[in-house]
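Trainee: Please pick one part of this model and take me through it closely. I want to see how it sits in the rest.

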Amino acid sequence: MVRIDALHADNDRLDAIGRAVHEALVETIGFPPNDRFQILTSHNGTDSTLRYDDYLGIHRDDGIVYVAITMRSGRTASQKQALYRRIAELAEEYAETEPRNVFVTLTENESIDWSFGHGIAPVRLTLSGTTSLLARTIDVVDHGRIRHFFRENAG
């Protein structure tokens with residue numbers, strides 16, 4: 001899940017930043033290309049705005065973009081650093097956003113903290129050293145599409 005907030009961003013800029021973040025997640029973290037859940041918000045500076053300072057000596061301006069990513073835990077520090085770097089590179093390339101204005105925060109959680117639809121939360125279980133994705137509830141058998149998802153994406 002990705003939330004992107006930017007000041008005075010039109011739809012084209014928001015789309016470009018969203019594309020940059022998604023491509024970076026696919027390239028550096030290994031997200032599936034169709035795993036895109038984003039909330040893109042532009043703030044006009046009057047009714048809603050973003051606040052920032054020059055924390056850590058980084059001068060920011062109204063080109064600032066906040067990117068909040070929530071994902072399952074398990075990535076290494078080097079994968080996360082590569083992600084931050086790639087988001088900044090692609091945001092500059094696609095949306096002309098200066099890397100100094102790209103502020104990224106990452107929150108990790110577990111499989112049980114997600115429901116992708118139908119009120120079902122997938123969980124990862126380890127059985128005899130093999131990790132498999134299973135439904136937390138028996139309701140999964142009533143939803144052919146969901147059952148298909150769990151079967152094909154096991155492991």
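Mentor: Helices (H or I, at least four residues) and strands (E, at least two) are DSSP runs, numbered from the N terminus. The model is predicted, so local features need pLDDT of at least 70 and side-chain atom pairs 80 or more, while totals for chains, interfaces and linings use all residues. Numbering starts from 1 along each chain, and side-chain values use heavy atoms, without hydrogens or water.

Begin with the setting. The protein chain has three helices and six strands. From the N terminus on, they run β-α-β-β-α-β-β-β-α. Of the contacts with a separation of 6 or more, 63% join residues 24 or more positions apart.

Now the helix. α2 covers residues 77-95.

Next, what does α2 hide? Buried means under 20% relative accessible area, exposed over 50%, and partly exposed in between (1.4 Å probe, protein chains only). Across the protein chain, 32% of the 155 residues are buried. In α2, the buried ones are K80, L83, I87, A88, L90, A91 and A95. Their cover includes α1, β3 and β4. Of these, α1 is residues 11-29, and β3 is residues 65-72.

Some side chains of α2 pair up. In a salt bridge, a side-chain nitrogen of Lys or Arg is within 4 Å of a carboxyl oxygen of Asp or Glu. R86 and E89 form one, at 3.0 Å from N to O. Both residues lie in α2, three residues apart, about one turn of the helix. An α-helix has 3.6 residues a turn, so residues three or four places apart point the same way. R86 is partly exposed, at 24% relative accessible area. E89 is also partly exposed, at 36%.

Then the helix stops. E96 follows α2, and its phi is positive, near 55°. T97 comes in the loop between α2 and β4, and β4 is residues 102-109. T97 counts as buried, with 1% relative accessibility. Look at what T97 touches. Leaving out residues up to four places away in sequence, the partners are R13, I17, G63, V65, A91, E92 and V102. One of them, A91, is itself among the buried residues of α2.

E98 is another matter. E98 is partly exposed, at 40% relative accessibility. E98 forms a salt bridge with R100, with the closest N and O atoms 2.8 Å apart. R100 is partly exposed too, at 28% relative accessible area.

D61 forms a salt bridge with R100, and here the closest N and O atoms are 2.7 Å apart. D61 lies in the loop between β2 and β3, and R100 in the loop between α2 and β4, so the pair ties together parts that are 39 residues apart in sequence. D61 is partly exposed, with a relative accessible area of 25%. As for the total, a search of the whole structure finds six salt bridges.

How values were computed: Contact means heavy atoms within 4.5 Å.
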